[in-house]
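Please examine the sequence and the three-dimensional structure shown here before reading the notes.

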Amino acid sequence: MGEQLLLPDELLLMLSEKWTCRDQQLRQLRTLVSHDRINLVQPKLHVQATTPSTVVVYGPCATGKSRVIQAYLESHVTKFAIVNCRECITGRHLFERTVAAVAASLWNDKPEANRNDTYNERCENLAALVVHLQKLLKMHEKFVLVFDGVDKQRESAPTLLPALARLGEYVSGLITIMIVQHPPPRFLHQSGVPYIHFPAYTRAQSVHILSRNPPDIFLELPTDVPDYDAEVHAEDKPWLWPRYCAAIWDSLAQNAARDLVSFRALCIKLWRPFVAPILAGDFGTRDFSRLLVAQRRLFQDETVLLDSIIASPTLAPPTAPSQDKPSKSSSAHELPYYAKYLLLAAYLASFNPAKTDALYFMKSTERKRRKKGGGTARSGGRVSQKRQVPRHLLGAAAFTLDRVLSVLHAILPDDLRGTVDVYTLVATLTSLKLLVRGGGLGAGDALEAGGKWKVGAAVSWEYVQGLARSVDFGLSDYVAE
Amino acid sequence: MEYEKVYVFQPESERPAKRRRVEPQGLQTSWRRRRQVFDRVWSGQQQAIDARLDGINASTVNKVWHFLERAVLDEQPGRIPTGIILTGADGATGPGIAKQVAERIRVGKHRRILLSLSSSSGTNLKALLKTLIVKATSRRTGSSDDEELDDEDDELRNPRSTGPKLLNYDLQLLQDHVREHRTEQVIITFEDTEAFDGDLLSEIIELLGCWQDRIPFACLFNIATSIDFLQQRLSKAAVKALAGQVFDVALSSVEVEQVCEAMFDTDTPLWLGSALMSTMLERQHDYVVSVDSFAAAMKYACMSHFYANALSVFLGLEAECHDIAADHVVAVRQLGSFKTYARRLLDDHQVAVLKEHLESDTALRLLVRDKVAKGRQKLSAMVQTLKVIRLVQQRLPHTPVSSMSSLYVQAMSGKLIGSPLIRALLLTIRKAPSNIVVTLLRDLMAFHTEKHTPTIPDCQLLLTRFEDLIESQKHSTKPLRSEDDSQNTTLRTTVVAQKVELSKQKSALSEQDKKYTELLGILTSGIEDIFASNLVNPTDLIFHEIFVYDLKSPYREVFTPRPRHAIERALATPHDYLDCDCCGSGQGDEHVEATLAATQPATAVLYQLYLESGSLINASDLWQAFQAVLGDGGEEAETMTLFQRALAELRYLGMMKSTRKRVDHVAKVMWQGL
């Protein structure tokens, strides 16, 4: 294979400049999936013999797999189709979309008149897919088909991946590229498949990529400093931002946000609070070390690493002053009185062993109940052989409905009229997932006699303590330790 | 007709003569009229309630709407703009908000579609997407022109005339729809977020996030518990895909207050009594019950009064009163309140007046009309006074403001006037400094002119006197203090003969302060007079049976039935329900023995045996006991049949089930009295 057969290095250089730090992968790609734009110019030179029919591209998330492949194909290959497997709901959906994508890419450059006879046929299974691809690609010498994230395909048959890897054996001129995250060894049941590894970015690479487009320090240029104009700002930005990114990497990201996307998100999240003193005029734009020391609190607070649906109020831009208002009033939506007691009863039923119920919930005298603390002579002093895990740290146990109702009757300070409202309450709490059906026979059927319930995951020890406090109930008297 | 297989049944146009027996008689004759009155009364109140409930969340709806508007304009790439609406456990307001948002969409300038998903829409991703796409493509978009809509419908019938056929769960369909209709936002509301399976919810959110670059999605979540709980259940990728903002709706207690106030504000002819009202409010507070059910309970109370109480016909229009049938008037004479009224007339030696009422129907009709009108006026004056109480509470510092509903309950029970609440209130006024008192007085007057609440006579005069007094002590900016104010008394301790004596000492008061205290006395006595004259006990009013409804039992029977108790009781004492002669003798001492008799239904017998046993029941023992109860009279095979049927019925009722612990045993599942 002569050097002149490969594409001009300028094109590759251009790509590797755009997709920085992915030099090696681009070169590998060039060797494996060769160009055919050149072939248009020099039709006699064929390189098909060197192309494998399947290529696996793998690497952890946010390492540029999909984007690099797409950019490469766009610049080097005339005919290709990319199927995003994450958007496919079933295996059949994947086949249908594949056929549609291939057809669309083939008809893409034909005049509009021909589009009426679009490829409009069903594709139920793998065999049909092979037939369709054979039919579609009959006239084409080379076609690249990319399955992006095919290891995350929903409802896929176990034979899907090996079968897709073999498509090239049945359809001539087809190259299949599979983009996966962590391929298990021999997952294609085939040997000799070339792999291209996209490793995670290192510290230097991450910072380098991020520093390519630094965000603004000043949203509006300061008016009180006379000679600070846009030009100086444009110089300051790329000076400060990489140093800041490196500091973020060292303090937070290297342990908890190593991939590029979350690293970038983290940097952007903390950027505005970080530069706030500069905006306030306390520090100059080049006082990085002093600024770092002053803002060290930002780099120690690990809560920013948690994702949340709501932007956390402390980091929000100070333009919205009424930030704390919704969080204050949101706690006011409380459960009704009996719902609280029912949850307490359910918690007790879940976390107390059933055999101790008589001890804790019998309406006997206080004196009798106190006795449990005394113990017998045998139990005193000696540490138990079995290691006891506190009950509230274990998972919830299932209980029957009648048990929780009896516990409810026992812990309520006054009598409860067993109306339909109580059962509605059980149903409501179940739909809120504060109680969940589970355990025992017939867990799915709500009408099954003796069906069992559990408290939901949200009903933790702390939550129940809060409930008990709000209804003034001595929870600790009833919890078996 | 015999040769016809099918024929059309054509009933005679006139009903047979026999039917006429159903025609109402006696007090029932007024039923039609009472129903009309009810319809008129309730429609007004329903409107008032609806208006209040719509208005209560108007600000939230506004905020949600602004959020959606903003989401159209500046999109965040890769994240779905998400509104999280905290609805509280009953979750009844969530759909209301979605409805109001949908109303806005219809008139808004952007083209949007609102799709709602509930947990019943599908149990897997495929079904959920199918519902979503069907709803989106069959729904009309937010344009108003009818002709245009028809065109759109035609287009919809064959979506994608070009291009390949798509599976019905492919979001490509939605994308094409959005593109064809130039929709600018697809809003998806999750009605009961908690009821969704956590994995399913994460999956659909991740998928929507994938499509966000092609379909402009926005989500609204109704949340009953908390955001943390939602986040716990979602996958990390799903959480990353959402950019949320929280919206809070009114608390359910506030909603209940609003419904109550709507009830009092309209000129209602029927007032609910304290016992019923407090039961309803209690249920609202204790259980997860939506506010709609509260309104329904009110409607039911109204209905049962007008439908069941013949005398409610007097609440109709005044002009109609004179032709009310005579037996109604006779019924009025039986009312307890009329009897007390008659006794009072006799005590006052007004025998002639009483005689007229007893003999002349016309006179009594007039009396009823007048007194009912007066009683209703009294009650509305009472509600106005409650507003005055609330106003005073609001103005005074360190005084909690009682809710309208609780005040109403107390007032209707006639216990408010002597209650500690009122006494404490009057004492606080007596101690209040001048700046507070003046604002209070001004507000009282403003309230009087606005809402016709009762007020003190010569209010204006009193105010000018207060103001003059304040004017006169220009030199000090401190407000005037009352003599009763505890700041003006000091506690003095003296030790006399080794005993500590505490004595209160009034500090020296200025001349103005003394005058001020005097004026305050006038004010407090005026307010006291208002309370005394307006806070009447409704049961003291004559004919209160007509315009006050206070029966708890229909409400309890209908809204809070006890199904389990009913079944248990019926099985335990079948005689009470069957009323047969065979086991009727069981009275008094013999009752215990009579509970187990061969004449009882087999299921009841078996149930009583079931109650006596432990949690695991040996089937053979049970059979032998059963056989012993039923006696040797019958064939064994027959008894066995009865036994097996009874066993099957108990199992069907969910009282027992087979157990894997022991093959020949059944497990007891339900205990009595829960």
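Predicted model: local features only at pLDDT ≥ 70, side-chain atom pairs only at ≥ 80, totals over all residues.

Chain A meets chain B through 53 of its own residues, which are in contact with 67 residues of chain B.

**Chain A as a whole**

- Chain A has 481 residues, and buried residues make up 44% of them.
- Among the contacts in chain A with a separation of 6 or more, 73% come from residues 24 or more positions apart.

**The three-stranded sheet of chain A**

- Three strands of chain A form an open sheet in the order S6-S8-S7, and their pairing is antiparallel.
- Strand S6 (399-400) and strand S7 (435-437) of chain A each have a single partner strand and stand at the edges, so one side of each lacks a neighbour in the sheet.
- Two bridges join S6(A) to strand S8 (residues 452-455) of chain A in the antiparallel sense.
- A:Thr400 has A:Lys452 in S8(A) as its bridge partner.
- Helix H15 (residues 337-351) of chain A lies across S6, S7 and S8 of chain A, and its direction is at about 105° to S8(A).
- Helix H19 (residues 420-431) of chain A lies across S7 and S8 of chain A, running at about 85° to S7(A).

**The five-stranded sheet of chain B**

- Chain B contains an open sheet of five strands with parallel pairing, in the order S2-S3-S4-S1-S5.
- Strand S2 (112-117) and S5 of chain B are at the edges with a single partner strand each, so each has one side without a neighbour in the sheet.
- On average, neighbouring strands of this sheet are turned by 20° against each other, direction ignored.
- Helix H7 (residues 198-211) of chain B packs on this sheet and touches S1, S2, S3, strand S4 (217-223) and S5 of chain B. The direction of H7 makes about 160° with that of S4(B).
- S2(B) and strand S3 (residues 185-190) of chain B run parallel and are joined by six bridges. In this pairing, B:Ile113 has B:Val186 in S3(B) as its bridge partner.
- Strand S1 (residues 80-86) of chain B pairs with S5(B) in the parallel sense over seven bridges. Here B:Ile80 stands opposite B:Leu242 in S5(B).
- Which strand of chain B is mostly covered? Strand S5 (residues 242-248) is, with five of its seven residues buried.
- In a regular strand, side chains alternate between the two faces of the sheet.

**The interface between the chains**

- The size of an interface is often expressed as the accessible area lost when the parts come together.
- Between chain A and chain B, the buried area is about 5,100 Å², and carbon and sulfur atoms give 60% of it.
- On the side of chain A, the residues that lose the most area to chain B are A:Ile309, A:His333 and A:Arg417, together 16% of what that side buries.
- A:Thr419 is in the loop between helix H18 (401-411) and H19 of chain A. Is A:Thr419 buried or exposed? A:Thr419 counts as buried because its relative accessibility is 4%, and buried means under 20%.
- Leaving aside residues up to four places away in sequence, A:Thr419 touches B:Tyr287, B:Thr560, B:Pro561 and B:Arg562.

**Aromatic rings and charges**

- Over all chains, the whole structure holds 32 aromatic pairs.
- One of these is formed by B:Tyr300 and B:Phe559, whose ring centres are 5.6 Å apart. Their planes stand at 80°, so the pair is edge-to-face.
- This pair links distant parts of the chain, 259 residues apart: B:Tyr300 belongs to helix H12 (residues 291-308) of chain B, and B:Phe559 to helix H23 (residues 553-559) of chain B.
- B:Tyr300 is partly exposed at a relative accessible area of 26%, whereas B:Phe559 counts as buried at 17% relative accessibility.
- One aromatic cluster consists of A:Tyr337, A:Tyr338, A:Tyr341, A:Phe361, A:Phe473, A:Tyr478 and B:Tyr287.
- A:Arg243 lies over the face of A:Trp239, 4.1 Å from the ring centre.
- In chain B, the charged end of B:Lys668 sits over the ring of B:Tyr610, at 5.2 Å from its centre.

Key: Residues numbered from 1 in each chain as written. Chains lettered and ligands numbered in written order. Heavy atoms only, no water. Phe/Tyr/Trp six-rings, centres within 6.5 Å; stacked < 30°, edge-to-face > 60°. Helix = DSSP H or I, 4+ residues; strand = E, 2+ residues; numbered from the N terminus. Buried < 20%, exposed > 50% of the residue type's maximum accessible area, 1.4 Å probe, protein only. Lys NZ or Arg CZ within 6 Å of the ring centre and 35° of its normal. Pairing = 2+ DSSP bridges. Contact = heavy atoms within 4.5 Å. Axes fitted to C-alpha atoms, helices over the stretch in contact; angles between N-to-C directions. Buried area = accessible area lost by both parts, 1.4 Å probe.
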